[in-house]
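Here are my notes from going through this model. Have the viewer open as you read.

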Amino acid sequence: MFDKNVLHYQTKTDEVLNEVLSVDVYPNKKLAELLKDNPIIFYYTEQDTTDAAMASIFQNGKRRPVMLLDRGLLRGDNKELLVGIMCHELGHWIDFSGRPENYFGREKLWQECFADMVGYKMAKNAGYDMSFAVEKRKIMAKEQRAYCKAENKPLPEKTIFEKRAELLEQAFGNDETSKSNMVVINRLSGLKKER
Ligand SMILES: [Zn+2]
């Protein structure tokens, strides 16, 4: 059956996207250029969870970006979370260096960190408070640790979520001077070499 709410979800995601694209500085400007000839398609999954909502971005056969978003995320009223998640995924699109069609795999650490940084910056540029972002990753890291402990699964000394939280905190935690941003960009290029 056609879900009438989809129109409402489309309005919500379009609104966020327009706010992000209307800012005329990097990285928002870069995204606007990329989307000019290939407008984004949103698709809302049946997943109803709000606390563990997921999103993903991939390229369809016509090279258009397709963003999948759990309906739970659209149903909730946490706009900052929606903006944060959308901007992270859009950050992946900016770094779209050859991800194959129908790609659903896991990203490399540096790609996740890149999407975190660029996404955070885009959301801030659009006037959103993203101060929850570091804490959110720390909570995800704790949940992952608890899950792996319960399931007897091994985990590295520092998990990807923990590294992502650390990098984001270094970049935007105290101040947002270009100096602290540069430290992170340098560390990102280090991660890039490791892959
Ligand atoms: Zn990601």
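Which helix is leucine 34 found in? Leucine 34 sits in helix α2; more on that residue in point 6.

Two caveats before the rest. This is a predicted model, in which local features need pLDDT of at least 70 and side-chain atom pairs count only at pLDDT 80 or more, while totals for chains, interfaces and linings use all residues. Residues are numbered from 1 along each chain as its sequence is written.

1. Overall layout. The chain has 8 helices and 3 strands, where helices (H or I, at least four residues) and strands (E, at least two) are DSSP runs numbered from the N terminus. In sequence order the pattern reads α-α-β-β-β-α-α-α-α-α-α. Taking contacts between residues at least 6 apart in sequence, 68% link residues at least 24 apart; a contact here is two C-beta atoms, placed from the backbone, within 7 Å.

2. α1 against α4. The axes of α1 (residues 5-21) and α4 (residues 79-94) come within 11 Å and cross at roughly 65°. Axes are lines fitted to C-alpha atoms, for helices over the stretch in contact, with angles from 0 to 180 degrees between N-to-C directions. Thr13, Val16 and Val20 from α1 meet Leu82, Val83, Met86, Cys87 and Leu90 from α4. That splits into 7 nonpolar, 1 polar and no charged residues (nonpolar: Ala, Val, Leu, Ile, Met, Phe, Trp, Tyr, Cys and Pro; charged: Asp, Glu, Lys and Arg; polar: the others, Gly among them).

3. α5 against α7. Here α5 (residues 109-125) and α7 (residues 160-172) pack at about 35° with axes 10 Å apart. The α5 side brings Leu109, Glu112, Cys113, Asp116, Met117 and Tyr120, and the α7 side Ile160, Lys163, Arg164, Leu167, Leu168, Ala171 and Phe172. By class, that contact has 9 nonpolar, no polar and 4 charged residues. Cysteine 113 counts as buried because 25 C-beta neighbours fall inside 10 Å. Its C-alpha is 9.2 Å from that of isoleucine 160, 47 residues apart along the chain.

4. The buried side of α7. Which residues of α7 are buried? They are Arg164, Ala165, Leu167, Leu168, Ala171 and Phe172. These residues lie on the same side of α7 because they cover an arc of only 165° around the axis, the arc being that of the directions from the helix axis to the C-beta atoms. An α-helix has 3.6 residues a turn, so residues three or four places apart point the same way.

5. Backbone spots to check. A cis peptide bond, omega about 0°, joins tyrosine 26 and proline 27; proline 27 is in the loop between α1 and α2 (28-36). Asparagine 152 has a positive phi of about 60° although it is not a glycine. Asparagine 152 belongs to the loop between α6 (132-150) and α7, and is exposed, with 6 other C-beta atoms within 10 Å.

6. Back to leucine 34. With 16 other C-beta atoms within 10 Å, leucine 34 is partly exposed. Setting aside neighbours within four places in sequence, leucine 34 is in contact with Trp93 and Ile94.

Definitions and conventions: Buried ≥ 20, exposed ≤ 12 C-beta atoms within 10 Å, placed from the backbone.
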